[in-house]
Amino acid sequence: MTLREYCGVFGVFAPGEDVARLTFYGLYALQHRGQESAGIASANGRRLYVRTGMGLVSQVFDEEDLSYLPGHMAIGHTRYSTTGCSGAENAQPCLVEVEPGGLALGHNGNIVNAAVLRADLEEQGVTFSTGTDSEVIAQLLVHAPGTTWQERWHEVMRRAKGAYSLVALTPSELMAARDPMGNRPLCLGRIDGGWVVASETCAFDHLGATFVREIEPGEAIRITSEGVESYQAHEPKSAFCIFEYIYFARPDSVIDGKLVYPVRMGLGAQLAREQPADADVVIGVPDSGTVAAVGYARESGIPLVEGFVKNRYIGRTFIQPDQRLREVGVQLKLNPLPELLQGRRVVVVDDSIVRGTTTPRVVAMLRKAGAKEVHMRITAPPIVSPCFFGIDFGTRWELIAGRMKDVEEIRQHIDADSLGYLSVEGMLEAVGLPKDKFCLACFTGDYPIPVPLQMDKLALEPTIPGDRLRLELTDTVSTTPPRP
Ligand code: SF4
């Protein structure tokens, strides 16, 4: 699997507690959602303090950084870039300097009309310091008409189209909001003396916080010393990203009342029913296919073995492989165990094939380790259409299932003995929630809102040379692009 995670957001309001440290640990639990950069902003009722940097949470913050972040409330962000380049200037929380005291904002997701909104704001004299759609949302929030926080959120949700789970901090208030689709997760929890907000419930578990509820699609909340106020800023139109269950969320998180681990096992079991294989062993591609492989093995009766050992210490920002190592790519992360694979017919379970660059290497490694047959099984349907809501595949032509004519052609490309995907119906059955709750666009091409014909992750970045912005305003479509 080479889907990139997007971002994790966290917020805490807890007078008397070390909120910077709580945020640090909250981000630590959300590290799987983004490894490029991390940041924390805190507030003490009078002003904001912000620290951001490139790398993993543990690389960005030390004791000195945490001690620089005083106050009784904080927000945090861990980032994988989906709009804007991955430079330090785009690390979040992004800070907007307005009176009184500014606003810091952390964003998970992607808005599809950022270029138009940015152009509008610039016409009003607003200047931008980053190339992210997150700064566009922050500027929209602070420049929205109206005097109350509810009016400002109403304006943001009326105008910003796309996916956004947000945490925002002013010197005196912590706010959080979820787009009307509820495309990304966002939860509210209780901690001693205060409140926490996080992308996933696993962050609450690590802090000893208790889950209260999910923030609803189209809802904004404000947390002050008076408590939590809620405002339904926009009518909801549920389109939750089903990939959270398949891959993104941690297996120990609960989404919509369902623990992700058994859902992932159920996806593997459903796959075994739909795509059986004559084989001797089942293995999962770590970590993304591991849980589903358990489900596949149980349902099929084929023994599960640990065919790969994963090197868990390969970090995107930590190791920049040279060209030779880049070519071996996946071997840096995975090492097969020949003793368990030699002469065996192997079922390999993974959660997706995106561009088709990693999977052939996985198959080749297994063959080299002695596997007699390799049967690839995928716990999702083929990804045929791009995601405009924050997952890093921007065009149909990047997607192997978008550019190849059928599963057989993909099988030949990855050089497996057989290849089987889960059906859309089987995936929904395994997740066990109604179809109309979900965004399924990357499998069906049917988008929950109008989307651009194509999207450039760097569209808001200044071009070189000069500072002219590359604002490519594309037409919008809401229908399935034709298959080539
Ligand atoms: S298009 Fe796919 S990856 Fe993107 S939000 Fe929808 S389901 Fe998730």
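**View A. Ala-38 stands opposite Thr-78 of strand β4.** This is a predicted model, in which local features need pLDDT of at least 70 and side-chain atom pairs count only at pLDDT 80 or more, while totals for chains, interfaces and linings use all residues. Residues are numbered from 1 along each chain as its sequence is written, and side-chain values use heavy atoms, with hydrogens and water left out. Strand β2 (residues 37–43) pairs with strand β4 (residues 73–79) in the antiparallel sense over seven bridges. Strands (E, at least two residues) and helices (H or I, at least four) are DSSP runs numbered from the N terminus, and two strands pair if DSSP finds at least two bridges between them.

**View B. Seven strands form an open antiparallel sheet.** Their order is β3-β2-β4-β1-β10-β9-β11. Each of the edge strands, β3 (48–54) and β11 (210–214), has a single partner strand, so one side of each is left without a neighbour in the sheet. From one strand to the next the twist averages 15°, with axes taken as lines fitted to C-alpha atoms and angles running from 0 to 180 degrees between N-to-C directions.

**View C. Four strands form an open sheet with parallel pairing.** The order is β17-β20-β21-β22. At the edges stand β17 (281–284) and β22 (418–421), each with a single partner strand, so one side of each is left without a neighbour in the sheet. The twist here averages 20° from one strand to the next. Strand β21 (residues 373–378) pairs with β22 in the parallel sense over four bridges, and Arg-377 has Gly-420 in β22 as its bridge partner.

**View D. Phe-24 and Phe-61 form an edge-to-face aromatic pair.** The count comes to 12 aromatic pairs, where rings of Phe, Tyr and Trp (its six-membered ring) pair if their centres lie within 6.5 Å, and planes under 30 degrees apart count as stacked, over 60 as edge-to-face and the rest as tilted. For Phe-24 and Phe-61 the values are 6.3 Å centre to centre and 90° between the planes. Phe-24 lies in helix α1 (residues 19–29) and Phe-61 in the loop between α2 (57–60) and α3 (63–67), so the pair ties together parts that are 37 residues apart in sequence.

**View E. The ligand is surrounded by residues including Asn-183, Cys-241, Phe-243, Cys-387 and Cys-442.** The shell divides into nine nonpolar residues, one polar and no charged.

How values were computed. Near = heavy atom within 4 Å. Nonpolar A, V, L, I, M, F, W, Y, C, P; charged D, E, K, R; others polar.
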